[in-house]
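The following questions and answers examine the terms applied to a structure and the grounds for each of them.

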Amino acid sequence: MIKATQQQELQKEYPALFDIDSNLDRLVKRIELLSYVNPLNIEKEKHRFFASKYTKEPEFKYPKLKFDPYKLQRLFFSQRLERIEDESIRKLYQDVIYYYANMIQCIETIGRGKNFYYNSLRAFGTPTEKDVQNARFILHFKDEPSSVDMDKVFSPDDAKTYFEDYITRYNFPLKIRFSTNIAAEAMVSNSSQTLLIKKNVKFSKNQLLTLANHEIGVHLVTTFNGLDQPLKIFSNGLPKNVETQEGLSVFSEYMGGALTLKRLKELAYRVMAADGLIKGYSFADTFDLIHGQYKLNKEEAFGITLRAHRGGGFTKDRLYLSGLRKIYKRYQNEEPLDVLFTGKVSLDYEEQIDHLKQLGLAQPITHKSLSFEQKLNTNKILDFILNNLK
């Protein structure tokens, strides 16, 4: 963590940079995409879809915007980047502005079908042929026998207690809130540093360990590491940070002994669902692929289909598997991982982060992910799969 005196000295040395960084921080706080793209009426539409024998397309409703998209975009582009003398840093902040301007367009077009989908493509891309091949490779493995650890017997209150106990291993606070309007069973809100737990669902023992390693061990660790940096850009997120973040998070599940073949298949289904979007699949088509052809149970198939089709076509989920592959390869090559915990950063900007470190504008990390200190995975099938992803 940077000391107050160091921070003051840096602000004196780079006044324009800190001014722009502070301005962007205020603007970014208003545009957390996941708080807008999760439908408000998931349960109602799920019941309607099931009652129609999987034929009626869900009609999702979304939160209203709390900002004027045009005015907010104008404020982003009004930043006078020419004041930043260092060319590498100036280019980084230019990329950041383009990235968040696109996030605004994503949020503005939620629920507008192809309009949202095309904005999503710009932000998160679409699965490559290699991604699809990796997903199919994973899906051809036979399911492992179920164990008692996979039985969903724990309530949201039990989950809250579990996470409160888990956080005692870290020296940062944990805020927990229950929610009905999230697609995942749990997720971190970066802007409020809060762990959201889905109401009205049950959790398994394995799921709690998975979520603890994923959400607390990476998403919250990088949130608080980012807040400890001199520049707010690290806590708000660099462009293309999602693939790196989710890759680290799933790898944390692996290192923490929580990753299962079932979970790996879930990531593969997400790739197949995202791939279906570019082929023009409807919600019912994607559900049929996952439930009808791959025989995943209807509740889980609905969840995967929802995640891909929310907003009008959301391709973010295709990045979990590709991110895991990249982080696993890096680990196998014994390349350092600490730099990726500097904040919400991306592998693509490692060179720029090193440059900021040399100038004192990026600091060594305060918090480490505990799962990375140990390798608890004992599943040889997972090792075989991860070693053979293309």
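Q: Which residue in β3 does Ser-189 stand opposite?
A: In this predicted model, Ser-189 stands opposite Thr-194 in β3.

Q: Why are β1 (175-179) and β2 (186-189) said to stand at the edges?
A: The open sheet has the order β1-β3-β2, with mixed pairing. Each of β1 and β2 has a single partner strand, so one side of each is left without a neighbour in the sheet. From one strand to the next, the twist averages 30°.

Q: Where does helix α10 (residues 205-227) pack?
A: Helix α10 packs on the sheet and touches β2 and β3; its direction makes about 5° with that of β2.

Q: What makes Asp-68 a cap of α5?
A: A side-chain oxygen of Asp-68 lies 3.0 Å from the backbone nitrogen of Tyr-70, at the N-terminal end of α5. The cut-off for a polar contact is 3.5 Å, so this distance is within it.

Q: How do you know that the buried residues of α5 (residues 69-77) lie on the same side?
A: Pro-69, Leu-72, Gln-73 and Phe-76 are the buried residues of this helix. They cover an arc of only 100° around the axis, which puts them on the same side of α5. What covers them includes α2 (15-28) and α6.

How values were computed. Residues are numbered from 1 along each chain as its sequence is written. This is a predicted model: local features need pLDDT of at least 70, side-chain atom pairs count only at pLDDT 80 or more; totals for chains, interfaces and linings use all residues. Side-chain values use heavy atoms; hydrogens and water are left out. Two strands pair if DSSP finds at least two bridges between them. Helices (H or I, at least four residues) and strands (E, at least two) are DSSP runs, numbered from the N terminus. Axes are lines fitted to C-alpha atoms, for helices over the stretch in contact, and angles run from 0 to 180 degrees between N-to-C directions. Contact means heavy atoms within 4.5 Å. Buried means under 20% relative accessible area, exposed over 50%, partly exposed in between (1.4 Å probe, protein chains only). The arc is that of the directions from the helix axis to the C-beta atoms. A polar contact is a pair of N or O atoms within 3.5 Å; within protein, one must be able to donate a hydrogen and the other to accept it, and residues adjacent in sequence count only if both atoms are side-chain atoms.
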